[in-house]
Amino acid sequence: MTQTPLLVVLLLTLSSLAYHFGRKRAFAVSGGRVRSLHSLPAYYGLYVALWAVIPALLVLGLWLGFEDGVITRLVVASMPPEFAGLEPSRLNLVLNDIRNLVVGNIVSSAPDATIIAAADRYRELRGISTIALFAATLGLATVSGWVAYGRIRPEHRSRNAVERIVMGLLIACSTIAILTTVGIVLSVLFESIRFFQAVPVTEFLFGLDWSPQIAIRADQAGSSGAFGAVPLFAGTMLITLIAMSVAVPIGLMSAIYLAEYASARVRAIAKPLLEVLAGIPTVVYGFFAALTVAPFIRNSGGMLGLDIASESALAAGLVMGVMIIPFVSSLSDDVINAVPQSLRDGAYGMGATPSETIRRVIIPAALPGIVGAVLLAVSRAIGETMIVVMAAGLAAKLTANPFEAVTTVTVQIVTLLVGDQEFDSPKTLAAFALGLLLFFVTLALNVLALYIVRKYREQYE
Amino acid sequence: MSDASETARTSYARVEAGMKRRRAAERRFRFLGKCAVGLGLAFLAILFVSIVGNGYSAFWQTRITLDVTIDEATIDPAGAREPQVLRTADYGALIKQSLRDMFPEVSGRRNRFALYGLVSNGAGFDLRDKVLADPALIGRTISLTVAADDDVDMLMKGHIDRRAPESDRRIKDNQLAWIERLETDGRIGSAFNVDFFANGDSRDPELAGIRGALMGSIYTLLVTLGLSFPLAVSAAVYLEEFAPKNRWTDLIEVNINNLAAVPSIVFGLLGLAVFINFFTLPRSAPIVGGLVLTLMTLPTIIIASRAALKSVPPSIREGALGIGASPMQAVMYHVLPLALPGMLTGTIIGMAQALGETAPLLMIGMVAFIADVPGGVFDPATALPVQVYLWADSPERAFVEKTSAAIMVLLLFLATMNALAVLLRRRFERRW
């Protein structure tokens with residue numbers, strides 16, 4: 001494992017050597033008449049170099065992917081039979097001990113003889129594997145490079161071959177996006193299915209009680225392990241609603257002002273400044289919400305005789321709204337600018353004032369785009385994590401009162417997964433079920449928003 | 001005829017009658033627009049003022065000058081000056097001794113403990129470094145300036161009110177008296193806070209620094225940049241220049257657009273399930289953080305790169321093809337160099353996004369307390385925004401200014417990156 005960078009460097013050196021030899025060979029086979037070659041000499045070099053390095057790198061990747069699994073299996077097989085019969089979680093603990101022993105870390109308990117023997121075996125197998133890996137990849141690189149080298153003739157279509165390889169690489173890169181989506185769906189789906197085996201889907205979606213702590217001992221208090229997510233949805237919705245009621249009016253009005261009224265100079269200054277709001281990391285907003293806004297709201301509420309929680313939904317929602325202003329304003333700005341000038345001119349010709357034109361003509365014409373922008377902003381608000389983690393509460397309460405503390409889907413994902421965790425408990429798996437839900441809700445909102453925006457754009461093109 | 005002019009006059013009068021109301025409505029509307037812009041800008045200003053106001057003082061540190069007698073019997077009883085002995089000796093005892101010497105009237109365990117609490121726990125390490133660098137100091141009395149404890153620091157910076165009742169203060173009356181004596185002796189002062197930039201994280205606010213988080217962020221970003229730039233440029237070149245228009249490429253395109261809007265925390269879940277649990281990469285390591293952020297920033301960079309490729313006029317391609325270049329050569333040698341500045345701009349913006357991202361890093365365990373400065377991409381590390389999150393959670397008053405200062409550093413980096421992107425765009429943007 002630790003030798004991988006060295007191996008990669010060796011392979012790259014080998015491939016640059018291959019380039020050099022391939023190029024020289026091209027000159028040699030042309031017999032001094034470079035024009036008789038099908039491709040430029042550099043392509044012959046590249047051809048050999050790519051053939052030398054790509055198969056070896058593929059083998060390297062596969063090897064590293066499966067090395068650990070195979071070695072672990074072999075080690076377990078070599079251990080006394082009672083270990084093989086252990087349940088997976090116990091076996092994992094033993095294997096962790098072995099790995100720690102190999103790396104030289106602190107081990108959880110005093111290692112006994114079998115563990116030490118297994119660790120030795122593990123170390124030995126790793127050594128063999130590393131040597132074998134070096135031999136296999138370097139050997140393969142030499143052989144495949146040599147074969148490619150042997151193919152060089154003046155009439156060999158090296159450029160086409162190289163271009164095919166490069167095209168293959170480009171296509172491979174472009175599928176990463178799909179692989180990512182598949183990876184997201186699979187990773188959350190698998191764990192979610194395991195979660196739903198323990199907790200029925202209906203309880204998760206419609207249950208009114210959320211308290212994910214599960215009692216480890218029977219006599220432990222207050223740890224029922226209830227997974228009804230409705231309070232989380234309600235909290236998310238409440239905070240999103242507050243954020244939208246800040247962001248939509250301010251964002252929309254400033255977009256209108258900047259697009260229709262402001263002079264070029266004001267626009268050139270105010271627009272980038274507003275967009276700075278979108279570039280500030282969300283953790284900064286979270287800190288700002290928790291340190292400045294929440295106490296301010298609490299104190300001013302206290303003066304009015306209101307009892308406001310220090311982690312009120314209002315503070316988180318307000319700050320999230322500020323964060324979302326630029327999303328609403330720049331997207332609305334685009335759609336307002338896309339409304340054809342002829343509509344404005346028509347309205348002015350009828351004697352309408354600018355504000356009447358905006359309210360009666362431009363906004364109705366731009367409405368689908370604005371709705372799309374708001375939907376995108378809503379999806380952003382639902383998925384926002386740091387502000388709510390830092391400024392909203394943890395208690396899952398089913399309330400519509402913005403002065404109380406509520407919790408959201410993202411807050412729960414973070415609290416369930418940060419810190420020590422066992423990977424099989426429904427508590428951890430619940431985070432993935434919430435993630436699945438979050439993914440699909442935001443996906444649906446985005447698809448809908450993009451559909452609306454595209455539909456609207458076509459109208460005026 | 002008169003009938004018609006009559007109608008015209010009445011309708012004119014009707015319009016005229018409504019004009020006042022309509023003009024007022026116009027002014028109101030315009031005022032609302034101004035208010036909206038103003039409110040947005042005001043929020044921005046409040047945010048910055050609050051962060052800078054809380055954080056600027058963290059760049060200074062209260063320091064106390066002590067006269068320390070480096071007693072040979074305490075740290076090197078054998079007198080052999082062996083580095084191993086010198087390294088593990090009890091330098092804290094020397095610091096405590098010097099405090100006792102300075103305030104000989106202090107007696108009793110409790111009071112002494114309060115006295116020792118005036119200077120930072122790190123004072124002993126400062127002394128150790130000094131002695132290790134120059135063993136000849138042993139046996140002499142030197143004047144040593146060490147960091148004060150965070151509560152003393154807060155008092156000196158005015159965050160603790162000296163006139164508040166004693167029970168409300170973290171600094172008690174006896175400590176206050178000692179500090180005042182130090183003040184009159186001119187032994188307490190403030191200096192530029194080097195520790196903040198030189199140290200890793202610490203439980204003691206006066207020793208905590210951002211170096212570890214900064215290095216973690218840099219390693220993470222290096223991984224992200226190294227992976228996402230080539231991947232994104234290749235994907236953009238394929239999709240924009242070579243891809244046939246079919247179901248498959250449509251699917252890729254829809255995918256990219258949707259990934260750009262997936263909440264970042266979902267990418268964290270992906271990283272946890274795939275990179276850590278499936279590929280068993282180490283937890284808390286910049287390599288995993290880099291991989292996750294790569295997947296997150298790819299759509300941004302791909303979209304920007306495609307826009308850059310699109311802006312290169314077709315005549316360039318046609319010219320290259322016309323003189324016999326293959327399509328691949330036309331793209332590689334002629335289109336790509338012209339599109340590169342735009343792609344770089346997009347990449348820098350993507351990197352700025354990645355630098356500010358916190359939520360996915362929480363999922364993959366980069367949130368642990370790590371005091372060491374990471375030395376590579378496989379070492380456990382944290383990142384700058386995560387450090388902000390960690391410090392924001394700490395109860396000590398002194399961490400508030402540390403958090404704000406870390407945010408200022410983070411914002412400075414972001415501003416630099418964005419300025420670079422703008423500069424690049426201005427410098428190389430070409431209108432065809």
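Biologist: How far apart do the C-alpha centres of domain 1 and domain 2 of chain A lie?
Modeller: Please bear in mind that this is a predicted model. The domain assignment of chain A places domain 1 at 4-174 and domain 2 at 224-460. Between the C-alpha centres of these two domains of chain A, the separation is 48 Å.

Biologist: Into which domains is chain B divided, and how many Å separate the centres of domain 1 and domain 3 of chain B?
Modeller: Chain B is divided into domain 1 (2-56), domain 2 (58-198) and domain 3 (211-428). Taken over C-alpha atoms, the centres of domain 1 and domain 3 of chain B are separated by 42 Å.

Biologist: How many residues of domain 1 of chain B are in contact with domain 3 of chain B?
Modeller: On the side of domain 1 of chain B that touches domain 3 of chain B, two residues are nonpolar, two are polar and none is charged. Their counterparts are six residues of domain 3 of chain B, and the number from domain 1 of chain B is four.

Biologist: Which helix of chain B gives the most residues to the side that touches chain A?
Modeller: The contact takes 69 residues from chain A and 66 residues from chain B. The side of chain B divides into 47 nonpolar, 15 polar and four charged residues. The element that gives the most to this side, with 17 residues, is helix H1 (residues 2-55) of chain B.

Biologist: Are H17(B) and H18(B) roughly parallel or roughly antiparallel to each other?
Modeller: The axes of helix H17 (residues 384-393) and helix H18 (residues 398-428) of chain B come within 9 Å and cross at roughly 165 degrees. The crossing of H17(B) and H18(B) is left-handed. Angles over 145 degrees count as roughly antiparallel, and H17(B) and H18(B) are therefore roughly antiparallel.

Biologist: Which residues of H17(B) make the contact with H18(B)?
Modeller: The residues of this contact divide into nine nonpolar, two polar and one charged. H18(B) brings Phe399(B), Lys402(B), Thr403(B), Ala406(B), Ile407(B) and Leu410(B). From H17(B) come Leu384(B), Pro385(B), Gln387(B), Val388(B), Trp391(B) and Ala392(B).

Biologist: What is the bridge partner of Ile64(B) in E2(B)?
Modeller: Three strands of chain B form an open antiparallel sheet in the order E2-E1-E3, with strand E2 (141-147) and strand E3 (188-192) at the edges. Strand E1 (residues 60-69) of chain B pairs with E2(B) over seven bridges in the antiparallel sense. In E2(B), the bridge partner of Ile64(B) is Val146(B).

Methods: Residues numbered from 1 in each chain as written. Chains lettered and ligands numbered in written order. Predicted model: local features only at pLDDT ≥ 70, side-chain atom pairs only at ≥ 80, totals over all residues. Domains from an automatic or database assignment. Contact = placed C-beta atoms within 7 Å. Helix = DSSP H or I, 4+ residues; strand = E, 2+ residues; numbered from the N terminus. Nonpolar A, V, L, I, M, F, W, Y, C, P; charged D, E, K, R; others polar. Axes fitted to C-alpha atoms, helices over the stretch in contact; angles between N-to-C directions. Parallel < 35°, antiparallel > 145°, perpendicular 65-115°, else oblique. Left-handed = near helix turned anticlockwise from the far one by under 90°. Pairing = 2+ DSSP bridges.
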